[in-house]
Amino acid sequence: MEFRSLHPHEMDKWAEHCNAVFLAEGHGVSKEYFLGHFHNDPWRDVHGIFVAMDGDTIASTVRVFRRKVWLFGQEVPMGGIGEVSTNAT
């Protein structure tokens with residue numbers, strides 16, 4: 001098992017993984033949903049997508065979203081997580 005950031009050329013593989021996992025859980029989403037979610041994010045960063053690789057297969061992934069919030073009158077950088085998915089097969 002290898003743990004690393006997603007490589008830019010693996011975006012389709014990542015979106016297919018997320019689609020398969022979320023569909024298996026009964027969520028009506030598509031590969032295009034995940035690609036759009038990434039590409040429409042003004043703070044997107046492919047290096048914020050972390051994967052566990054089993055050979056050439058993505059076994060698990062989590063995405064760290066970069067965001068800014070206002071806290072006590074000051075803009076503060078923060079992160080959130082999403083698109084957490086593990087292939088159960």
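User: Which hand does the crossing of α1 and α2 have?
Analyst: The crossing is right-handed where α1 passes α2. One thing to keep in mind: this is a predicted model.

User: At what angle do their axes cross?
Analyst: Roughly 125 degrees, and the axes come within 8 Å. In this pair, α1 covers residues 11-24 and α2 covers residues 31-39.

User: Why those two values?
Analyst: Two packed helices are described by the angle between their axes and the distance between the axes.

User: So what do you call the way α1 and α2 lie to each other?
Analyst: Oblique. Angles over 145 degrees would count as roughly antiparallel, and 65 to 115 as roughly perpendicular, so α1 and α2 end up in the oblique class.

User: Which residues make the contact?
Analyst: From α1 you have M11, D12, W14, A15, E16, C18, N19 and F22. On the α2 side there are K31, F34, L35 and F38.

User: How many of those are nonpolar, polar or charged?
Analyst: Eight are nonpolar, one is polar and three are charged.

User: Ok, zooming out. How many helices and strands are in the chain?
Analyst: Two helices and four strands. Starting at the N terminus, the order is β-α-α-β-β-β.

User: And what does the C-alpha trace span?
Analyst: About 45 × 30 × 20 Å along its principal axes.

User: What percentage of the residues is buried?
Analyst: Of the 89 residues, 31% are buried. The chain exposes about 5800 Å², with carbon and sulfur atoms supplying 57% of that.

User: Where is F72, and is it buried or exposed?
Analyst: F72 is in the loop between β3 (57-71) and β4 (74-86). With 81% relative accessibility, F72 counts as exposed.

User: What is the phi of E83 like?
Analyst: Also positive, near 50 degrees, and again in a residue other than glycine. E83 is in strand β4.

User: Is E83 buried or exposed?
Analyst: Buried: the cut-off is under 20%, and E83 has 9% relative accessibility.

User: Let's look at V64. Where is it?
Analyst: V64 is in strand β3. Its relative accessible area is 35%, so V64 is partly exposed.

User: Which residues does V64 touch, leaving aside its neighbours within four places?
Analyst: G48, F50, G80 and I81 are in contact with V64.

User: How far apart are V64 and E2?
Analyst: Their C-alpha atoms are separated by 18 Å, and they are 62 residues apart along the chain.

User: Last one: where does A88 lie?
Analyst: A88 is in the segment after β4, and it counts as exposed at 82% relative accessibility. The C-alpha atoms of A88 and H7 are separated by 23 Å, with the two residues 81 apart along the chain.

Notes:
Residues are numbered from 1 along each chain as its sequence is written. This is a predicted model: local features need pLDDT of at least 70, side-chain atom pairs count only at pLDDT 80 or more; totals for chains, interfaces and linings use all residues. Side-chain values use heavy atoms; hydrogens and water are left out. Axes are lines fitted to C-alpha atoms, for helices over the stretch in contact, and angles run from 0 to 180 degrees between N-to-C directions. Angles under 35 degrees count as roughly parallel, over 145 as roughly antiparallel, 65 to 115 as roughly perpendicular and the rest as oblique. A crossing is left-handed if the near helix is turned anticlockwise from the far one by less than a right angle, and right-handed if clockwise. Contact means heavy atoms within 4.5 Å. Ala, Val, Leu, Ile, Met, Phe, Trp, Tyr, Cys and Pro count as nonpolar, Asp, Glu, Lys and Arg as charged, and the others, Gly among them, as polar. Buried means under 20% relative accessible area, exposed over 50%, partly exposed in between (1.4 Å probe, protein chains only). Accessible areas come from the Shrake-Rupley method with a 1.4 Å probe; for residues, only the protein chains shown count as cover.
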